[in-house]
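Hi there,

Here is the structure I promised to send over. Have a look at it first, and then read on for my notes.

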Amino acid sequence: MKVNVKVNGQNKVFNIEPGDYLLDTLRKENYLSVKKGCDNSSCGVCTVLFDGKPIKSCSLLTAKTEGHEVTTVEGIQKEADKLSDYFGAEGADQCGYCTPGMALSVHALKEENSNPSDEEIKEYLTGNLCRCTGYQSQHIAIRNYLEDK
Amino acid sequence: MKINGYQTVKSLEEAYNLLNENKQNAIVAGGAWMRLSSKVIETAIDLSGLELDQIVETKDAFEIGAMATLRQVEKQEGLKNLYNGVLSKALSKIMGVPIRNVATIGGSIIGKYSFSDVLTPLLVMNVELEFYKKGKISLEDFLVSKDRSKDVLVKVIIKKEEAKAYFHKMQKTGLDFAVVNVAISKKADTFKIAVGARPSLVKFALEAMAFVNDAKEVTEEVILETALIAGKELKFGTNSKASEEYRRNIAMAYIKRGLREVIK
Ligand SMILES: Cc1cc2nc3c(=O)[nH]c(=O)nc-3n(C[C@H](O)[C@H](O)[C@H](O)COP(=O)(O)OP(=O)(O)OC[C@H]3O[C@@H](n4cnc5c(N)ncnc54)[C@H](O)[C@@H]3O)c2cc1C
Ligand code: FES
Ligand code: FES
């Protein structure tokens, strides 16, 4: 079947099987910043924005994106660059595998709540796991980034 | 899960007919949980075009479309105040925001998941489900019903009531399923106590409810006795998360805390 979807502002037509999940479709279409980790909705490295809201692309059927908008980290490039400066300053990036998903979640958090408390930041990022950093440096970097706008 | 065909339907009638045309046809709501099953679906029925994702506040109730996501429900301002926000609080404990942006209230109810943190708080509220053909049925009756006929859940109706409520999910990590969960509500002098993830499907502690509802005054002794009765009457089980004994003791501890909280 065919699906019409806007990815990072560009209209696309994807040829898919009815049971394909968005993560696999995006990677097949070379959106390789969308990572595959657990493939069972647990780790968050496959996070993308679906009509501006963070979702795990391994948990959404591609067929459900018909007529909708999907954003990968390339779609928020300028902001992701700025966030990565804050991550760099705090040593919050190690292997970087979790970073695209985390950047998208931070972007969505900022849109929803521009002045979140520490608790709200933690709560919003619960679904984005990082196996390298221990979260503290990322948390500080995210808070600094959100305070600096 | 394997899906052989996909149909976005234009009406509830079309959805209902398609659902009943073949045993292996199924509605795919968020599709998040189904993804983890080994089900084969002949035709996946997508209700996205039917505007079932609206939450409407009427004079007496909140009517939540079956396709509303858990996050929509969690963030709905009016629901944050109903039963002192017990539903919003409970939903906020389910995985992270990205899953709650996909998983729907309808899928969470129809699945009758034993681990559910959605059903436990809903059960202590006044909730009706509206199906396309079967019409309205209370959540309580739906949960114990053995009726396996397939129908489309259209909306979830939560009646507005002056009541206080409590919910606690005991979990090992922020992303984990409940080891056990407890919800309690108090409307005027009537208490409801529900315990879920025992690890089986949520249930009322009926004898404990009868005891506390008969009490002239809810003293500390009554609270302790109510928790003991609930611990005795409810069945708990052992699985990889916790033993039967641990679950029973944890449930009793949170029933006590919940009762103290709602009588404040
Ligand atoms: C990784 C993961 C962790 C989770 N952890 C928790 C947790 O800790 N606590 C918790 O409470 N929940 C948890 N859930 C479950 C989640 O909250 C949802 O309950 C679940 O995903 C089902 O919602 P869905 O929209 O994805 O439904 P689907 O998977 O699309 O559907 C579920 C069932 O309902 C049927 N159905 C859906 N909508 C309708 C309708 N309108 N009419 C008739 N039938 C319908 C489907 O055919 C299917 O049988 C978790 C889910 C995932 C993926
Ligand atoms: S790959 Fe999707 S959550 Fe891990
Ligand atoms: S930096 Fe390696 S997983 Fe997060």
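Let me begin with a pair that links the two chains: A:Glu123 and B:Arg100 form a salt bridge, with their closest N and O atoms 3.1 Å apart. By salt bridge I mean a side-chain nitrogen of Lys or Arg within 4 Å of a carboxyl oxygen of Asp or Glu.

Before going further, some housekeeping. This is a predicted model, in which local features need pLDDT of at least 70 and side-chain atom pairs count only at pLDDT 80 or more, while totals for chains, interfaces and linings use all residues. Residues are numbered from 1 along each chain as its sequence is written, chains are lettered from A and ligands numbered from 1 in the order in which they are written, and side-chain values use heavy atoms, with hydrogens and water left out.

**Between the chains**

Another salt bridge joins A:Lys64 to B:Asp46, where the closest N and O atoms are 3.2 Å apart. This pair also crosses between chains: A:Lys64 sits in the loop between β4 and β5 (69-71) of chain A, and B:Asp46 in strand β3 (residues 40-46) of chain B. Helices (H or I, at least four residues) and strands (E, at least two) are DSSP runs, numbered from the N terminus.

The contact (heavy atoms within 4.5 Å) takes 24 residues from chain A and 28 residues from chain B. Together the chains bury about 2,000 Å², 59% of it on carbon and sulfur atoms; buried area is the accessible area (1.4 Å probe) that two parts lose on being put together, summed over both.

**Around the ligand**

Which chains supply the residues around ligand 1? Both A and B do, so the site is shared between chains. In total, 32 residues surround ligand 1, and the closest are B:Ile27, B:Gly31, B:Thr104, B:Ser108 and B:Asp117. A residue counts here if one of its heavy atoms lies within 4 Å of the ligand. The shell divides into 19 nonpolar, 8 polar and 5 charged residues, where Ala, Val, Leu, Ile, Met, Phe, Trp, Tyr, Cys and Pro count as nonpolar, Asp, Glu, Lys and Arg as charged, and the others, Gly among them, as polar. Helix α5 (residues 105-110) of chain B gives the most to this shell, with 3 residues.

A polar backbone atom of B:Gly31 is 2.8 Å from an oxygen atom of ligand 1, and a backbone N or O atom of B:Ala32 lies 3.0 Å from an oxygen atom of the ligand. For B:Leu153, a backbone N or O atom lies 2.9 Å from a nitrogen atom of ligand 1.

**Two backbone details**

Most residues other than glycine have a negative phi, and most peptide bonds are trans. A:Asp39 is not a glycine, yet has a positive phi of about 60 degrees; A:Asp39 lies in the loop between α1 (22-28) and β3 (47-50) of chain A. In chain B, a cis peptide bond joins B:Arg198 and B:Pro199, with omega about 15 degrees. B:Pro199 is in the loop between β11 (190-196) and β12 (203-204) of chain B.

Best wishes

How values were computed. A polar contact is a pair of N or O atoms within 3.5 Å; within protein, one must be able to donate a hydrogen and the other to accept it, and residues adjacent in sequence count only if both atoms are side-chain atoms.
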